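Visitor: Can you walk me through this one? I'd like to go through it piece by piece.
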Amino acid sequence: MIGLPILSLTIFLPLVGAVLIFLIRGEPEIVARNARNVALWTSLFTFALSLLLWVGFDTTTADFQFAEQAPWIAGYNINYHLGVDGISLFFILLTTFLTPLCVLVSWQAITDRVKEYMIAFLVMETMMVGVFSALDFVLFYLFFEGTLIPMFLIIGVWGGPRRVYSAFKFFLFTLLGSVLFLLAILTIYFHTGTTDIPTLMGADFPVEMQRWLWLAFFASFAVKVPMWPVHTWLPDAHVEAPTAGSMVLAGVLLKFGGYGFLRFSLPMLPEATAFFTPMIYTLSVVAIIYTSLVALAQEDMKKLIAYSSVAHMGFVTIGIFTLNTQGIEGAILVMLSHGVVSAALFFTVGVLYDRMHSRLIASYGGLVHRMPVYAFMFMLFMLASVGLPGTSGFVGEFLTLAGAYQANTLVAALATTGVILGAAYMLWLYRRVVFGELTNEQLKDILDLNPREVAIYASMAVVVMVLGIYPEAFLSVIRVSVENLIVQAGGGLDGALTVALAAE
Amino acid sequence: MLTLYVASVFGPLVGSVIAGFFGRALGDRATGVIACMMLGVAMVAGWYVFYEVAFLGRSREAVELFTWIDSGAFEASWALRFDVLAAVMVFVVTTASFLIHVYSIGYMAHDPGVPRFFAYLSLFTFMMLMLVTADNFVQMYFGWEGVGLCSYLLIGFWYKRPSANAAAIKAFIVNRVGDFGFALGIFGVFLVFNAVAFDTVFAAAPDYAGASIEFLGFRIDTLTLICLLLFMGAMGKSAQFILHTWLPDAMEGPTPVSALIHAATMVTAGVFMVVRLSPLFEYAPVALAVVAVIGATTAFFAATVALCQTDIKRVIAYSTCSQLGYMFFAAGVSAYSVAIFHLMTHAFFKALLFLAAGSVIHAMSDEQDMRKMGGLWKRIPLTYGVMWVGSLALAGVPFFSGYFSKDLILESAFAADSAVGDYAFWLGIAAAVMTAFYSGRLLFMTFHGASRASDEVMARVHESPKVMTIPLVLLAVGAIFSGVFGVSIGMVDADGAFWNGSILVLSGHDALAKAHEVPGWVKLLPVVMAGVGITVALVMYIVLPSLPALVAARLRPVYLFLLNKWYFDELYDAVFVRPAHYIGRGFWKAGDGALIDGVGPDGVAAAALGIARRASRLQTGYLYHYAFAMLIGVAALVTWYLLAGGA
């Protein structure tokens, strides 16, 4: 499109905004107000810019589009290489969509060091968009690790009472995986002499080496997803993080894991992927059932939703490793849906926390009497989380399971129990918070949503409904890239086809 | 006239949206009227569709709206399929639902949540219509879960009551258990047929008769497996034995909701599904046998429980459960058209019974316990009259609608001439006598004898307003004549020509054809049984009112067993609900807390803290130890995996 480097602009525009905020001087009140406004307008403009990627996207090719390439560390054959395909496009849009919402969510909730907070979020956005558009391993790693720092600060500075413990737990869990990931990148570089991702997709690594590389990747991605049993940092991080931090963490950062599997593990290491698939299935099924049961026992709303995230991500990892169309397309849709729905659910908790300063389920009950609009929005996203047909949660989950069923009936059957348990913990949560008599005296004059909150909810509701009723808008973009990926990963184009062939 | 087809399905959705989003602004009365009008539009369009499809023979295989999900071979569109089966269902659903809507204007007049009520009620109808007009499995699942959602919303309509909330959640979860099977069934269909559209799947089904498939490590007959998984969904939605526990609790919702759930939407969905999928079930004889056995067991089981209940709505609720059992075993012996015929007659008389019960409750100042009623017949004669009509239809007394359909079901079961058929026949006969008994018991306890209510309540007993009684009268007309109507338009003719190919019956499965030639005593027996049942009720509750207490005392264990609904709720609570919470807590505290964090970060941190409390030293020690522990863990896992997994 007209030679404009849209990707680079999308990545670095937030950084420019961050610099602008950094330069704001004056009265604290005014600084805070200006910081908020600059952050909002920068992120909105970035979102508008990123929409151009969707508009100009060619759905007929699996090649990387909007590609930009420039020498970077020339002596070592390391380049500044960017591009998007059908797999990464919507993750970029998810990021640029959620960031302005996060700024809006923090509008009144954050009163302390607003300037630094907004800078952290904009830097975060740069890093996240970078992760999804980088086509060079070194560049990718830079962005990938770069997200850790603003997130660490967001939790550690603006978090709850146990924020330091949580921030460190978050940092260390993810850092450990990163160290191994870096080792893997170095190994690849010394083996092939390049860090260019599209080139490496055609590389043929020896099987033995693939397995070690795969494990190193896995160490990094599994923590991000997070997969059982390295998920325990997530509930703590969420509980302590400010609302917008949770939104971005659940909405975007958790998608790094799934994206990593799709971008690197599957196309570059197909033999190892096939080899380790049973392990992934096992861990994912355990994650779904285990964390759903744990969610049932939670007394803290944020923890409950955090655990439900782990369960949903279990569907994602199963879907990715089915290596069939339904499984992978389903997994991508689950990630997109979860990105919006979990963000909305954390916002739902945040709305109450802003008013009552409690996240405990027991503090609430009977909210529908005072907050009917809130009750409606909560209901909508609760149902999307439960995977009700017609909402975004259904399409991805159903496709994933349909894909899984073709790969392994036992895995599909066990994973489907998560659908029952998911309904149980979400409905029960909703009942305890929203329905019943309003008995807590402090709730007697709680206020319903203000226009800002309605706007945040409404924008997310639109995405949830479109994704649920007309997912073709998204699938048409994803389709070709997924087919290409399946060929690279050596999977059957259609599970049923494989079965038919095997039967002959 | 494509518009009418679309209107018959989407009319209620429009009504729902108007009521939901603009109800507060419009006011209660206007909201109710608009919702009724939109349903009226759907009903008239539905009648026209029924006329055109069933009588002019113009079925429309698929009115495609737009693509929904398209992922590889997994292609499902938003599409409406209007064959005769769908048209019959649209006719029944819109008609019953319209009358219930009108009745609700009167019944809910004093409720603070009228707009919300109509929004849910219309949405419920819409979901059911989407279900019956689906042209692929996924859209059917959409409607399927949609009615589940609406039942959840409506059962929990009075959200202040803990019991209503509990019942709502129970309904949703139990249905989800059924949907678990339904979903797996759909995945199975997709695996085998590589498609989810009905046409493609039905056309290919004969090729897979007798083929087998791998499932959870076992080799099982393909179609049997798929049909059984799908049937699990039907069991949940239609409250069949094992998954029935939600239905009796569902009466926590306002009475019109019960009428809607029991008559038109929701519970009939399971029966419809089996009939819709007759091209699959016909090739899965084992699955059909299971359907028949579960159906017959439910018919019997629910009737026994209904004998002892004292809540007027609960008696009717269990009778629904029992009648659905009849429909299923009709389908199980391949008499699908009779199942749908009974579904239709049942829709009229069950809606009538519930709404009449609502009228009683309305008159009695919200009392539901029959032990506190009695002697009402002079005070509310119209309600009394229509209640008789409904009960006689339910009991299968000649020339009321239920007589035609239920008799034919029993005759078909007998004519099936198989062990399963006999099982269904005899349990069906036993259920028939009990049905007549509890119907009589309900009438006599409520309307006859001396009043057992307080004078204050009795003083306020009054007949319901016209907006409620007119629907009752119209339903009563349906409860009397829908049987004759169905027979005369040839719904249950042996050749099945009426259905125009929308139901498949293989040539060997001729239970329905032979049902017309069964011995005289088989035809006579259900009628005699109905007479016996009502007579016994008459004796016990009118002639010798002391008798029931005596029987209950003599047969105390049996009585308690039935009163407590065979202890299913207690069993499930002990086996599923409490262990789930217990295990969840265990995983959380012991698994996440003690094991993973204890050995992982916290353990390492604690060790590091012991060495040094200064932050600078904490950081390095923490990281180093932590990384070391994780490396060891990963190394152990990898070693194990490479060694054990590589073999």
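Predicted model: local features only at pLDDT ≥ 70, side-chain atom pairs only at ≥ 80, totals over all residues.

Visitor: Which residues of α10(A) are they?
Guide: The buried ones in α10(A) are A:Trp233, A:Leu234, A:Pro235, A:Asp236, A:Ala237, A:His238, A:Val239 and A:Glu240.

Visitor: What about the loop that A:Pro226 lies in?
Guide: A:Pro226 lies in the loop between α9 (207-224) and α10 of chain A. A:Pro229 is in the loop between α9 and α10 as well.

Visitor: Is the peptide bond from A:Val225 to A:Pro226 cis or trans?
Guide: Cis, with omega near -15°. Another cis peptide bond joins A:Trp228 and A:Pro229, with omega about 5°. Most peptide bonds are trans.

Visitor: Let's do phi. Which residue of chain A has a positive value near 55°?
Guide: A:His357, a residue other than glycine. A:His357 sits in the loop between α15 (325-356) and α16 (372-386) of chain A.

Visitor: Is A:His357 buried or exposed?
Guide: A:His357 is exposed, with a relative accessible area of 57%. In chain B, B:Ala239 also has a phi near 55°. B:Ala239 is in the loop between α8 (222-237) and α9 (246-249) of chain B. B:Ala239 is buried, at 0% relative accessible area.

Visitor: Switching to the core. How many residues are in the largest nonpolar core?
Guide: The largest nonpolar core has 459 residues. A:Met460 and B:Tyr152 have the most contacts inside that core. Helix α15 (residues 336-363) of chain B gives the most to the core, with 20 residues.

Visitor: What is A:Met460 in contact with?
Guide: Leaving aside neighbours within four places in sequence, A:Met460 is in contact with A:Phe97, A:Leu101, A:Met247, A:Val340, A:Ala343, A:Ala344, A:Phe347 and A:Phe381.

Visitor: Tell me about A:Phe97. Where does A:Phe97 lie?
Guide: In helix α3 (residues 86-109) of chain A. A:Phe97 is buried, with a relative accessible area of 13%. Beyond four places in sequence, the contacts of A:Phe97 are A:Phe47, A:Val340, A:Ser459, A:Met460 and A:Val463.

Visitor: How many residues apart in sequence are A:Phe97 and A:Val340?
Guide: They are 243 residues apart in sequence. In space the distance is 9.1 Å, C-alpha to C-alpha.

Visitor: Now charges. How many salt bridges over all chains?
Guide: The count comes to 17. One of them pairs B:Lys523 with B:Glu411, the closest N and O atoms being 3.8 Å apart. That pair links distant parts of the chain, 112 residues apart. B:Lys523 is in helix α22 (residues 520-543) of chain B, and B:Glu411 is in helix α17 (residues 401-415) of chain B.

Visitor: Is B:Glu411 buried or exposed?
Guide: B:Glu411 counts as buried, at 7% relative accessibility. B:Lys523 counts as partly exposed, at 34%.

Visitor: Which residues do salt bridges that share partners join into one network?
Guide: B:Arg81, B:Asp83, B:Asp199 and B:Arg276.

Visitor: And B:Arg371? What does B:Arg371 form a salt bridge with?
Guide: With B:Asp369, the closest N and O atoms being 2.9 Å apart. B:Arg371 is partly exposed, at 47% relative accessible area. B:Asp369 is buried, at 15%.

Visitor: Last topic, the interface. How many residues of chain A are in contact with chain B?
Guide: 78 residues of chain A are in contact with 68 residues of chain B. The area buried between the two chains is about 6,500 Å². Carbon and sulfur atoms give 74% of that area.

Visitor: How many salt bridges are there between chain A and chain B?
Guide: The count is one. A:Arg479 forms a salt bridge with B:Asp70, the closest N and O atoms being 3.8 Å apart. The interface also has eight residue pairs in polar contact.

Visitor: Which helix gives the largest share of the side of chain A that touches chain B?
Guide: Helix α18 (residues 409-434) of chain A, with 14 residues. By class, that side of chain A has 53 nonpolar, 14 polar and eleven charged residues.

Notes: Residues numbered from 1 in each chain as written. Chains lettered and ligands numbered in written order. Heavy atoms only, no water. Contact = heavy atoms within 4.5 Å. Buried area = accessible area lost by both parts, 1.4 Å probe. Salt bridge = Lys/Arg side-chain N within 4 Å of Asp/Glu carboxyl O. Polar contact = N/O pair within 3.5 Å; in protein donor to acceptor, adjacent residues only side chain to side chain. Helix = DSSP H or I, 4+ residues; strand = E, 2+ residues; numbered from the N terminus. Nonpolar A, V, L, I, M, F, W, Y, C, P; charged D, E, K, R; others polar. Core = buried A, V, L, I, M, F, W, Y, C linked by side-chain atoms within 4.5 Å. Buried < 20%, exposed > 50% of the residue type's maximum accessible area, 1.4 Å probe, protein only.
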